[in-house]
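Work through the following exercises with the sequence and the model at hand. Each task is followed by its solution in steps.

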Amino acid sequence: MGNHYTVDYYAACSPGGSDSMSVLPFFDDRTHGPDYEYLRGHAREYIEDMWVRFQSLCGDKPADFLNQSRLCPLERVWEMYLACFLLDHGLNLARPAARGLPDIMCTIGDRVVWVEAVLGNFGDAVRTPTEHTMRSPPLDPHRALAWLAQLNRLPESEITPLDATELTSEVTHLEIAPEGRIERYARWLTDKDRQRARRVNAGRIAPDDPYVVAINGHKLPHGDIQLGGRPDVVRAVLERGAIGRGISAVLFFPFLPPWVSSAMDELCHVVHNPSAAVKLEASTFSFGTQHR
């Protein structure tokens, strides 16, 4: 850790929660928009269980996080899922001791690895009417699993019952040129690299802390899964160098849980930045496809 930090700055709650913290429910029964209501109606128990695990690790006050979740429920669910996923894969997580820090704080010995969660969105891409149809409802498990079935990324037992015939005419219209995707990844990663630099300059994180950006592709056309090739996020980092030296690695998950969570180990990608000023140890993340 940087010498300019005190031990108190990194003081954190354990994943089990603190004695003074009571667990508030994630959902309420009021109307907050279609994404919120869809999650509440289809995955309430799953998400409430994640919230119980995540609440003591959240850098925001629980009430503030819940208020944000009513405006941006998919983003907050992705942040919670990512933390729980890392816990389940043996990472030690701690609660950031101040607001305005990256979303997730991993502790490895006397080092800290920061993870920033991003829910990607090609909001300025040219969209067709069929794509709008594809995007609603936001977490339809049949649509997500249909993609995995087409890509032969799940065993048959994981994709039944499933009727993907209704998607056949839609999916051919969802393509966005690879150059457009790579350009957008470059934009996001540049923004996150600048954000890290501001935090370092303000003394909020140490310059020698590894810094990871975790992108979820749930809102991206095709979930950015290419047949017979690398996802464009991998190409953006390794082939185009569309990443600053401040980011140590990029995690990429193509879908948002809960319905495909059992397959995330195989579907996610860990992209190490070859030009990073602070490298991420190869053994830090033991899941997914590793790219260097």
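Two strands count as paired if DSSP finds at least two bridges between them. Helices (H or I, at least four residues) and strands (E, at least two) are DSSP runs, numbered from the N terminus. The model is predicted: local features need pLDDT of at least 70, side-chain atom pairs count only at pLDDT 80 or more, and totals for chains, interfaces and linings use all residues. Residues are numbered from 1 along each chain as its sequence is written, and side-chain values use heavy atoms, with hydrogens and water left out.

**Exercise 1. Determine how strand β6 is joined to β5 and to β7, and whether its residues are buried or exposed.**

Step 1. Strand β5 (residues 249–253) runs antiparallel to β6, and 4 bridges join them. Opposite Phe-252 stands His-269 of β6.

Step 2. On the β7 side (residues 289–291), β6 has 3 bridges, and the two strands run parallel. His-269 has Thr-289 as its bridge partner in β7.

Step 3. Buried means under 20% relative accessible area, exposed over 50%, and partly exposed in between (1.4 Å probe, protein chains only). In β6 (residues 269–272), His-269 and Val-271 lie on one side, Val-270 and His-272 on the other, and all are buried. Both faces of β6 are therefore covered.

**Exercise 2. Give the strand order of the sheet and name its edge strands.**

Step 1. The order is β1-β2-β3-β4-β5-β6-β7, an open sheet of 7 strands with mixed pairing.

Step 2. β1 (92–94) and β7 each pair on one side only, as edge strands.

Step 3. From one strand to the next, the twist averages 25°. Axes here are lines fitted to C-alpha atoms, for helices over the stretch in contact, and angles run from 0 to 180 degrees between N-to-C directions.

Step 4. Between β4 (residues 211–216) and β5 there are 5 bridges in the parallel sense. Val-213 is partnered by Val-250 in β5.

**Exercise 3. Describe how helices α1 and α2 cross, and which residues make the contact.**

Step 1. The axes of α1 (residues 34–54) and α2 (residues 62–71) come within 13 Å and cross at roughly 155°.

Step 2. Angles under 35 degrees count as roughly parallel, over 145 as roughly antiparallel, 65 to 115 as roughly perpendicular and the rest as oblique. α1 is therefore roughly antiparallel to α2.

Step 3. Contact means heavy atoms within 4.5 Å. Tyr-36, Trp-51 and Phe-54 of α1 meet Pro-62, Phe-65, Leu-66, Ser-69 and Arg-70 of α2.
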